[in-house]
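Welcome! Here is a short briefing for anyone meeting this structure for the first time.

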Amino acid sequence: MVHQYRSNGYNIVLDVDSGSVHVVDDLVYDIIERVKQDPACPDETVLSEYNGEYPQAEVREALEEVRYLQQHGQLFAQDIYQGAVLDFRKRQTVVKALCLHIAHDCNLACEYCFAEEGEYHGRRALMSYEVGKKALDFLVASSGNRRNLEVDFFGGEPLMNFQVVKDLVAYGRQLEKEADKHFRFTITTNGVLLNDEVMEFCNREMDNVVMSLDGRKDVHNRMRPFRNGKGSYDLIVPKFQKFAAQRKALGKQYYIRGTFTHYNLDFAQDVLHFADLGFDQLSMEPVVAPADAPYAIRPEDIPVICEQYDILAREMLKREKEGRGFTFFHFMIDLSGGPCVYKRLSGCGSGTEYLAVTPWGDLYPCHQFVGNEDFLLGNVDEGIRRTDLVDTFKCCNVYSRKECTKCFARYYCSGGCAANSYNFHGRIDDVYEIGCELERKRVESAIMIKAALADAGGAD
Amino acid sequence: MKHIKTLNTRSLQESMKKGGCGECQTSCQSACKTSCTVGNQTCEQKK
């Protein structure tokens, strides 16, 4: 499959199945469009069709370049992976990542929270050290030969149970030595309880810190108030600025991560607001919400959102040139060192490699399924009981969703989010159409940015 | 090439031969948590 598009003055050709990305001139762009209809058509036929529009020698030269790429597997490459997926489905999977719901409680009352103010359709609870220990033991025991293990402290608000976070990190460091594993700890926080002690600990122990902030003050406060209705922006922003500056100085990863909704469709301004506050590792996600929620993204919002991605991409390039660039999670794309095709085919690993653990030790396929008893997989005492469900998740890949076979972005989103699919269609192997539209736009924007940076001599 | 500039160096088809070690980061453990973004991750072998 070949996907071609024009963006910000660049003609971009994505050869989907080889992963090759080409920036081409107008003539080649036209020729590829023609050859795409019949890749085996004789050169003379193609040349005759361009008679008069361009000098014949130039058309011949351009066509030779197209054929060269074709012969070297960089254009009109075939999808040779489907057989590999069948083998891949038979593979023995191991667990390599846990999302620990360290606190099903929160000191904010965010309107869109899929955890329903931290409680996940259930009761308020904090994870005990004993349950957390069993979860880490389960992870090590289920991880086979995999050395790198990931543990995310999530909630609710994990800092409401900070002592257990600290104790579990200490236990993990002990386990690392005993089992020859390497833990990468991460934490996602709303910032309310951030203080110097927490920052110092996280700077030492956390590979990544995700700080939740939605953007401009009014936007943030509307969706992320305290339980008394007061906005949280003024309290958390100075703390996030201090924390981010420390991590930046230490060369440690962090993300300022926002959620945009129907209420702030001009979300590019919110991302730029992050940058103006001095943050430089940014993420902004569309809200996940029931279709009838007033803040939900609607199909008619898609063109507006796509335009926002264009605005953001152009502004990012401008700021990069001015020496005040920043990264935006959804525009990050690694064309030379990106994931292998197995990873791209097999998806996020929810329900197989990645599990969520509730405060009382129940296991779910991911944080978004927590609270839905139909997806209860087992617990940290007995391990996985619902192996049938694990097998269902194992079979989720780009070929199990028929829409993906027609989509150029399939190796970038890997078939999309199973939870989004379930929420909108009642099954995990379908697609969430709005999410797909936005993902396609983000992939196009990310590649355009690469093209522009290459143009300026700064790409990898 | 005069008319074409190719941006990437890693072929997906080549990655089939050596890939699949599984040491890479789980996608939802990064900054997303609500969508599936795999293409922006880095291969652990290429670090």
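This is a predicted model: local features need pLDDT of at least 70, side-chain atom pairs count only at pLDDT 80 or more; totals for chains, interfaces and linings use all residues.

**Around strand β12 of chain A**

- Two bridges join β12(A) to strand β13 (residues 362–364) of chain A, and the two strands run antiparallel.
- The hairpin of β12(A) and β13(A) has four residues between its strands, and in it Gly361(A) takes a positive phi near 95°.
- Strand β12 covers residues 354–357 of chain A, and both of its faces are covered. Tyr354(A) and Ala356(A) are buried on one side, while Leu355(A) and Val357(A) are buried on the other.
- β12(A) also pairs with strand β4 (residues 97–104) of chain A, in the parallel sense and over four bridges. Here Val357(A) is the bridge partner of Leu100(A).

**Strand β10 of chain A and its partners**

- Strand β10 spans residues 281–286 of chain A and is mostly covered, with five of its six residues buried.
- On one hand, β10(A) is joined by five bridges to strand β9 (residues 253–260) of chain A, and the two run parallel. In this pairing Gly258(A) stands opposite Met284(A).
- β9(A) and β10(A) also belong to a right-handed β-α-β unit, with helix α10 (residues 268–276) of chain A as its helix.
- On the other hand, β10(A) pairs in the parallel sense with strand β11 (residues 327–328) of chain A, over two bridges. Phe328(A) in β11(A) is the bridge partner of Leu282(A).
- Gln281(A) has its place in strand β10 of chain A. Is Gln281(A) buried or exposed? Gln281(A) is buried, because 23 other C-beta atoms lie within 10 Å.
- Leaving aside residues up to four places away in sequence, Gln281(A) touches Gln253(A), Tyr254(A), Tyr255(A), Ile256(A) and Thr327(A).
- Gln281(A) and Val23(A) are 258 residues apart in sequence, and their C-alpha atoms are 27 Å apart in space.

**A sheet built from both chains**

- Asp15(A) stands opposite Ser20(A) in β3(A).
- Strand β3 (residues 20–24) of chain A meets strand β1 (residues 4–6) of chain B through three bridges, and the two run antiparallel. Lys5(B) is the bridge partner of Val23(A).

- Chain B has one helix and one strand as its secondary structure.
- Of the 47 residues in chain B, 55% are buried.
- Chain B averages a pLDDT of 79, and 89% of its residues score at least 70.
- For the complex, the predictor gives an ipTM of 0.91 and a pTM of 0.94.

**Backbone details to look for**

- Gly155(A) and Gly156(A) are joined by a cis peptide bond, with omega about 5°. Gly156(A) lies in the loop between β6 (148–155) and α6 (162–179) of chain A.
- Phe76(A) is not a glycine, yet it has a positive phi of about 55°. Phe76(A) sits in the loop between α3 (56–71) and α4 (82–89) of chain A, and it counts as buried because it has 20 C-beta neighbours inside 10 Å.
- Ser414(A), also not a glycine, has a positive phi of about 65°. The loop between α14 (410–413) and α15 (418–425) of chain A holds Ser414(A), which is buried, with 26 other C-beta atoms within 10 Å.

Technical notes. Residues are numbered from 1 along each chain as its sequence is written. Chains are lettered from A and ligands numbered from 1 in the order in which they are written. Two strands pair if DSSP finds at least two bridges between them. A residue is buried if 20 or more other C-beta atoms lie within 10 Å of its own, exposed if 12 or fewer, and partly exposed in between; C-beta atoms are placed from the backbone. A crossover is right-handed if, with the strands pointing away from the viewer, the path from the first strand over the helix to the second runs clockwise. pLDDT is the predictor's confidence in each residue, from 0 to 100. Two residues are in contact if their C-beta atoms, placed from the backbone, lie within 7 Å.
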